[in-house]
Each structure stands twice: as structure tokens, then as C-alpha cells.
Amino acid sequence: MPSWYLGKIKYQQEQENGALKSISEAYLVDAVSYTDAEARLYGIVADNTPDFQISSLTRMKLSDVFHFEDEGGEKWFKCKTFYVSIDDSKGAANIKEKKIVSFMLVNADSPKQAIERIEKSLATMLIPYEITDVNLTPILEVYPYSPEDDAQKVPAGFRPLAEVLAEQQG
């Protein structure tokens, strides 16, 4: 299960009239810890933004992120959904209903399209659910974990540990 971190950066940008304007941007990265999230954020942003600083890094509790790549959607919406779970483990006389709340992120052009995309993504869910909130986020881009990221971290002249161990055993 991914651990999502919301990183906010700040930097100064020179305007056409020569004045400096303070810019804030937000990115969502999948990482295993705050340290990993900070390192990934520096790796992502450093290519395009020369002098920046990370102003905040917080864990964002999301049950799922839906990215519709080919269908457009420049904005990211955070959707709050809930469903009712029935606990009958203590017998038929002690049935308890529990409301399970989850947050999901989806890219879309409007709140209406965000709801449609959440419904499309949850179409196979057997339990009835309800979407209660849809909010626009300041997130510019979402960076999920990919194994290629780890492969690029091996410095020149080094090999992954798995290769060395396989060579020693074989």
C-alpha cells in the first residue's frame, strides 16, 4: 500500500518587470518515509527549479489515487467517501454498524468529472458507498513509486546487491 506525502516548495521567480515573485507549488510523492519523500521531491523539482526550498512535507492519508492519463484532467480533486461495515462477529444479537471513511485523489477538469471518475473506478465495489465531499487541491503533479527509480539510484561502478548475491551463490 502506497504512503503518500504532500510536499510544498517555495522559490523566487523573476517577473518581466524585474520584480521577484514568491511561488508556492505542491507535489504528491509515494515514498516509504519522510526522508525518502524529501529525497524524491528534491530529485523531481531540482531539474526544473534552480533555487527552491521545501516549506512543508506532510503525510496524506489516501486509500487510492486514480490517474486518468489519456482522458485529460489537469486538476487534482480529493474525494471523501464512506461505506458502512457490519460487524457480526459477536453473534446475531450484537450486530454493529461502523462507518468507514476513505479519501481518494483523482485528476479531472471539474468536480462533476471527478465524481464520475470516482464512480467509474469504484464500479466493481460490491458494498454501497457514498461520496460526501469533493475538494480541489493545490497539487500540481502526482509521482507514484516506480521500480525504475530504484534502478537509477545505483551509482556508477556499483551493482545491485541482488546481482552480487546471485553471482556468489551461482
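This is a predicted model: local features need pLDDT of at least 70, side-chain atom pairs count only at pLDDT 80 or more; totals for chains, interfaces and linings use all residues.
**Getting to know the buried and exposed parts**

Me: Which residues make a nonpolar surface patch together with I86?
Reply: I86 itself lies in strand 5. The patch it belongs to covers about 260 Å².

Me: Now to helix 2. Where around the axis do its buried residues lie?
Reply: Helix 2 spans residues 111–121, and Q113, A114, R117 and I118 are buried there. They cover an arc of only 140 degrees around the axis, so they sit on the same side of helix 2.

Me: Which exposed residues does the face turned away from that buried side carry?
Reply: The buried side of helix 2 has a cover that includes strand 4 (64–66), strand 5 (75–87), strand 6 (96–108) and strand 7 (129–136). The face turned away from it carries two exposed residues, K112 and K120.

Me: What is the relative accessibility of R117?
Reply: R117 has its place in helix 2. Leaving aside neighbours within four places in sequence, R117 is in contact with F68, E71, G72, G73, V106, N107 and A108. R117 counts as buried because its relative accessibility is 4%.

Me: Which element gives the largest share of the largest nonpolar core?
Reply: That core has 14 residues, and Y5, I9, V29, A37, L41, V45 and F52 touch the most other members. Strand 1, strand 2 (20–30), helix 1 (34–45) and strand 3 (52–60) each supply at least two residues. The largest share, four residues, comes from helix 1.

Me: How many residues are in the other core, which lies apart from this one?
Reply: In soluble globular proteins, nonpolar side chains tend to be buried together. Here another core lies apart from the largest one, and W4, L62, V65 and V142 are among its members. Its residues number 11.

Key:
Residues are numbered from 1 along each chain as its sequence is written. Side-chain values use heavy atoms; hydrogens and water are left out. Buried means under 20% relative accessible area, exposed over 50%, partly exposed in between (1.4 Å probe, protein chains only). The arc is that of the directions from the helix axis to the C-beta atoms. Contact means heavy atoms within 4.5 Å. Patches are made of residues with over 30% relative accessible area and no salt bridge: like charges are joined within 9 Å, nonpolar side chains (Val, Leu, Ile, Met, Phe, Trp, Tyr) within 5 Å. Accessible areas come from the Shrake-Rupley method with a 1.4 Å probe; for residues, only the protein chains shown count as cover. A salt bridge is a side-chain nitrogen of Lys or Arg within 4 Å of a carboxyl oxygen of Asp or Glu. A nonpolar core is a set of buried Ala, Val, Leu, Ile, Met, Phe, Trp, Tyr and Cys residues joined through side-chain atoms within 4.5 Å.
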